[in-house]
Amino acid sequence: MLKIGSKSNLDAEFVVKISLLDDTELTCEFRRDAKGQTVFDTVCKALDLVEKDYFGLRYVDDSKQRHWLDLSKSVIKQMKSLKPPFKLFFRVKFYALDPGLIHEEITRYQCFLQIKRDILHGRLLCSYNELAELGAYIVQAELGDYDPEDQEDNYVSEFRIVPKQSEKLENKIADIHRSLSGQVPSVAEKNFLDKVKSLDMYGVDPHPCKDQDNVQLYLGLTPTGIAIIRDGKKVSGFEWAQIIKCSYEGKVFYVQVHKDDRKANYGFRLPDPLACKHLWKCAVEHHAFYR
């Protein structure tokens, strides 16, 4: 257990359990006045992570609403509705436009882990052939070269790559994996990232909503803008450069854009005011990061 502060202050500390992208857990103690930045810096130091801007710490409140921890504010005040030990999740907050151009190998590795999770949990939708190719890169990065003396016929079944994994897909992944011999893990991870950046749903942070016609949609915050998603596909959206501002009132989220030499306003209804405020805050942060 990693402890922050002297023993004389132990009675004024709180415990945080941070779930990392490789599914391990980091347990730390902090002074009660610690801000989010202190916790975030501690996690990054433990991971030897220098390029911090892409990442953040997430938590879920007592009403099951997800939030990004505000690094400038007190941890305890933000999580006051919860009881310690507080549970945080280290995640990619801002997906790189081109993750293959990230300088540090350790940063690319953390992005690789995040996108692998996105595929496993069904957030990054791919075609069958795309899944097979990406799965092969995952196996190559984690297992290395195919060795017929070590690997049995169904060796890919040991890896959980997609939510519903068929034997047919596993065989296809194995076929492609055998062709990747010679790629060290860092190269396989980079090739994986080069592939995913072109996928339609790469880096999408989806928020359920309805339009003015009461049609069920998702608003997806992406590296290029706000995507409008219906039935798992992007149908429209707004580029960050087009967006003038985002705002909200009650359950309605508004996007004001500059389009065809005029201003236009679009409204979307969220499930509740808390979800709407969360989307607005995320959208403002994404707009500032990518614009």
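1. In this predicted model, Asp205 and Arg58 form a salt bridge through their side chains, with 3.7 Å from N to O. That value falls inside the 4 Å limit of the rule, so the pair counts as a salt bridge. Side chains of opposite charge can pair when their charged atoms come close.

2. The whole count by this rule is 15 salt bridges.

3. How many salt bridges does the rule find across the interface of domain 1 and domain 3? There are three. For polar contacts, the interface of domain 1 and domain 3 has one residue pair, with both residues at pLDDT 80 or more. Strand S5 (residues 66-68) supplies three residues, the largest share of the side of domain 1 that touches domain 3. Sorted by class, that side of domain 1 has five charged, three polar and two nonpolar residues.

4. In terms of contact, 10 residues of domain 1 meet eight residues of domain 3. The size of an interface is often given as the accessible area lost when the parts come together. Here the area buried between domain 1 and domain 3 is about 660 Å², and carbon and sulfur atoms give 52% of it. On the domain 1 side, the residues that lose the most area to domain 3 are Gln65, Arg66 and Trp68, which together account for 55% of what that side buries.

5. An unreviewed UniProt entry places the feature "domain: FERM" at residues 14-291. In the model, that span is 32% helix and 28% strand, and its end C-alpha atoms are 37 Å apart.

6. Two backbone details deserve a check. Most residues other than glycine have a negative phi, and most peptide bonds are trans. Asp48 has a positive phi, near 60 degrees, and sits in the loop between helix H1 (36-46) and S4. Pro84 and Pro85 are joined by a cis peptide bond, with omega about 0 degrees. Pro85 lies in the loop between helix H2 (75-78) and strand S6 (86-92).

Technical notes. Residues numbered from 1 in each chain as written. Predicted model: local features only at pLDDT ≥ 70, side-chain atom pairs only at ≥ 80, totals over all residues. Heavy atoms only, no water. Contact = heavy atoms within 4.5 Å. Buried area = accessible area lost by both parts, 1.4 Å probe. Polar contact = N/O pair within 3.5 Å; in protein donor to acceptor, adjacent residues only side chain to side chain. Helix = DSSP H or I, 4+ residues; strand = E, 2+ residues; numbered from the N terminus. Nonpolar A, V, L, I, M, F, W, Y, C, P; charged D, E, K, R; others polar. UniProt positions renumbered as here; feature names shortened; annotations may be inferred.
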